[in-house]
Amino acid sequence: MSGKTEARERLLQYLSVNDTANEGYTPDQLIDDAIHEAILNQPALRTCFFPGCLRQFDVISCMAGDPPPRPEWDGRGWATLGAGTIISGGGHVCPDHKSLVTQHLPKRLQLPNDRWSTECACGWTAQPQRYYPLLRGLWEEHLLTENGTLPPAAERTDR
Ligand SMILES: [Zn+2]
Ligand SMILES: [Zn+2]
């Protein structure tokens, strides 16, 4: 937000110069402080990485132990996936999908000849890949197959 807005000017008309002067401020300062504070306190939302899931939580109120700005942004019950998995840079998973993802935690495997694979907690492994980000897509396909969103993989008939 920058410059003067209509709402700001309207608010200014309601603030009395005398009242605010008693507190050592001008009406402009108080309004600008309020806008600044509102911007600083924006939520920092993290989205569940499960394909198609739109749930989010606010990492700021969650870390501070404060109630979230909206009830649906509650971070309790979420899990974080980090180092050692194939989720680059870590990821967050919502309570709806935590148990499925925990049962299928994808461990990163470095193979000879610059190839990568992943070993799932259930025993499934991905076809080795040279391009690392492909593994995440393959693992997501595996997850969606496991929860019944996708049909079981067909037998390979292309060779
Ligand atoms: Zn989710
Ligand atoms: Zn699995």
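The site of the zinc ion (ligand 2) is tetrahedral, with angles of 105 to 113 degrees among its four donor atoms; four donors count as tetrahedral if all angles lie between 85 and 135 degrees. This is a predicted model, in which local features need pLDDT of at least 70 and side-chain atom pairs count only at pLDDT 80 or more, while totals for chains, interfaces and linings use all residues. Residues are numbered from 1 along each chain as its sequence is written, chains are lettered from A and ligands numbered from 1 in the order in which they are written, and side-chain values use heavy atoms, with hydrogens and water left out.

The protein donors of the zinc ion (ligand 2) are H104 (ND1), C120 (SG), C122 (SG) and H142 (NE2), at 2.0 to 2.3 Å. Donors are N, O and S atoms within 2.8 Å of the metal (3.2 Å for Na, K and Ca); water is not among the atoms, so sites may look incomplete. Along the chain, the donor residues of this ion have the spacing H-x15-C-x1-C-x19-H. C122 lies in the loop between strand 6 (115-120) and helix 6, and H142 in helix 6, so the pair ties together parts that are 20 residues apart in sequence. Helices (H or I, at least four residues) and strands (E, at least two) are DSSP runs, numbered from the N terminus. C122 is partly exposed at 42% relative accessibility, whereas H142 is buried at 7%. Buried means under 20% relative accessible area, exposed over 50%, and partly exposed in between (1.4 Å probe, protein chains only).

The zinc ion (ligand 1) is coordinated by C48 (SG), C53 (SG), C94 (SG) and H97 (ND1), at 2.1 to 2.4 Å. Its site is also tetrahedral, with angles of 101 to 117 degrees among the four donor atoms. The donors are spaced C-x4-C-x40-C-x2-H along the chain. Of these, C53 lies in the loop between strand 1 (45-47) and strand 2 (56-58) and H97 in helix 5 (residues 95-103); the two are 44 residues apart and link distant parts of the chain. C53 is buried, at 12% relative accessibility, and H97 is buried at 16%.

Beyond its neighbours within four places in sequence, F49 is in contact (heavy atoms within 4.5 Å) with L81, I87, G91, H92, V93, V101, R136, W139 and E140.

Three aromatic pairs are found in the whole structure. Rings of Phe, Tyr and Trp (its six-membered ring) pair if their centres lie within 6.5 Å; planes under 30 degrees apart count as stacked, over 60 as edge-to-face and the rest as tilted. The rings of F49 and W139 have centres 6.0 Å apart and planes at 35 degrees, so this pair is tilted. F49, in the loop between strand 1 and strand 2, and W139, in helix 6, are 90 residues apart. F49 is buried at 10% relative accessibility, and W139 is buried at 0%. The rings of F57 and W78 are likewise tilted, with centres 4.7 Å apart and planes at 45 degrees.

How values were computed:
Four donors count as tetrahedral if all angles lie between 85 and 135 degrees; four count as square planar and six as octahedral if opposite donors are over 155 degrees apart and all others between 65 and 115; anything else is irregular.
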